[in-house]
Amino acid sequence: MAGEIVLMSAITVIAVENDFIVINKPAGLDFHQNEAQESLIDLVREQSGFSGLLTVHRLDKMTSGLLVLARHAEAARQFSALFSEHRMQKYYLALSDKKPAKKQGKIQGGMDKGRNGCWKLVREGGLLATTQFFSFGLGNGLRLFVLKPLSGRTHQLRVAMKSLGSPILGDARYGGTDADRGYLHAYSLEFEFAGHTYCYTALPECGIHFHSDLFCAQLENIAQPAQLAWPK
């Protein structure tokens with residue numbers, strides 16, 4: 001029926017803690033309610049039975065991966081502080097079929113609004129955005145990027161990859177080659193909360209290239225992203 005809101009298939013819950021849950025957001029699922037679906041938070045509330053869940057950060061529609069949802073207002077306040085004070089360590093996986101200008105390093109600049117809902121990296125002005133990265137050849141014309149954002153700007157990683165000359169595979173908005181999905185995935189989260197240290201990882205649930213033998217072999221070699229030689 002036209003205009004009917006359709007429930008999506010079950011969303012994977014990675015962990016349930018006293019103060020929060022962690023989910024593996026599917027690619028292609030919008031964060032907000034639209035004519036085709038309920039909002040992400042409402043979908044998870046219904047599927048998990050936790051009616052009091054609150055959002056503390058977001059992933060855009062094409063991006064899959066780890067997302068923390070607070071179970072009460074005080075937890076939401078504490079998580080918001082973790083994100084705003086950059087005490088949440090986040091690591092993303094991305095694929096591109098274009099060689100980068102450099103194989104590892106840092107992309108930094110101001111994020112400014114462009115046309116048609118896009119963002120761009122500028123030398124002066126804008127909101128400062130910093131991303132560290134490593135890249136690894138997969139041997140099939142693709143490169144795997146491990147991205148560590150040190151800030152949390154809208155479309156930051158997608159713009160950073162474009163600025164390297166390696167737009168994300170499937171990211172048509174920023175010049176990526178057509179693919180079965182946008183190949184950006186929130187792979188790992190590390191943080192301290194209420195006196196405990198938490199570390200979560202989750203593999204992408206869909207994407208032909210995210211399930212190739214070459215990708216899986218390279219990801220095995222990387223081990224935990226936090227153990228890479230990130231600049232201080």
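This is a predicted model: local features need pLDDT of at least 70, side-chain atom pairs count only at pLDDT 80 or more; totals for chains, interfaces and linings use all residues.
The largest pocket holds about 780 Å³ of space. Its lining has 27 residues, and the closest to the pocket centre are Arg58, Gly152, Arg153, Thr154 and His155. Strand 5 (89–96), strand 9 (143–149) and helix 3 (156–163) are the elements that give two or more residues to this lining. By class, the lining residues divide into nine nonpolar, 10 polar and eight charged.

The count of aromatic pairs comes to 15. One of these joins Phe20 and Tyr198, whose ring centres are 5.2 Å apart. Their planes stand at 85 degrees, and because planes over 60 degrees apart count as edge-to-face, the pair is edge-to-face. Phe20 belongs to strand 2 (residues 20–25) and Tyr198 to strand 11 (residues 196–201), so the pair ties together parts that lie 178 residues apart in sequence. Phe20 has a relative accessible area of 1% and is buried. Tyr198, at 16% relative accessibility, also counts as buried, because the cut-off for buried is under 20%.

A second example is the pair of Phe133 and Phe145, which is tilted, with 6.3 Å centre to centre and 40 degrees between the planes. Phe133 is in strand 8 (residues 127–137) and Phe145 in strand 9, 12 residues apart. Both Phe133 and Phe145 are buried.

Phe20 and Tyr198 also belong to a cluster linked by ring pairs, together with Phe79, Phe191, Phe193 and Tyr200.

Charged groups also sit over rings. The charged end of Arg71 is over the ring of Phe50, 4.1 Å from its centre. For Arg181, the charged end lies over the ring of Tyr183, 5.7 Å from the ring centre.

Key:
Residues are numbered from 1 along each chain as its sequence is written. Side-chain values use heavy atoms; hydrogens and water are left out. On a 1 Å grid over the protein atoms alone, a cavity is a set of points where a 1.4 Å probe fits but cannot get out, and a pocket is an open set with protein on both sides within 12 Å along at least five of seven lines; lining residues have an atom within 4 Å of a point. Grid points are joined across faces, edges and corners, and a volume is the space filled by probe spheres set on the points. Helices (H or I, at least four residues) and strands (E, at least two) are DSSP runs, numbered from the N terminus. Ala, Val, Leu, Ile, Met, Phe, Trp, Tyr, Cys and Pro count as nonpolar, Asp, Glu, Lys and Arg as charged, and the others, Gly among them, as polar. Rings of Phe, Tyr and Trp (its six-membered ring) pair if their centres lie within 6.5 Å; planes under 30 degrees apart count as stacked, over 60 as edge-to-face and the rest as tilted. Buried means under 20% relative accessible area, exposed over 50%, partly exposed in between (1.4 Å probe, protein chains only). A charge sits over a ring if NZ of Lys or CZ of Arg is within 6 Å of the ring centre and within 35 degrees of the ring normal.
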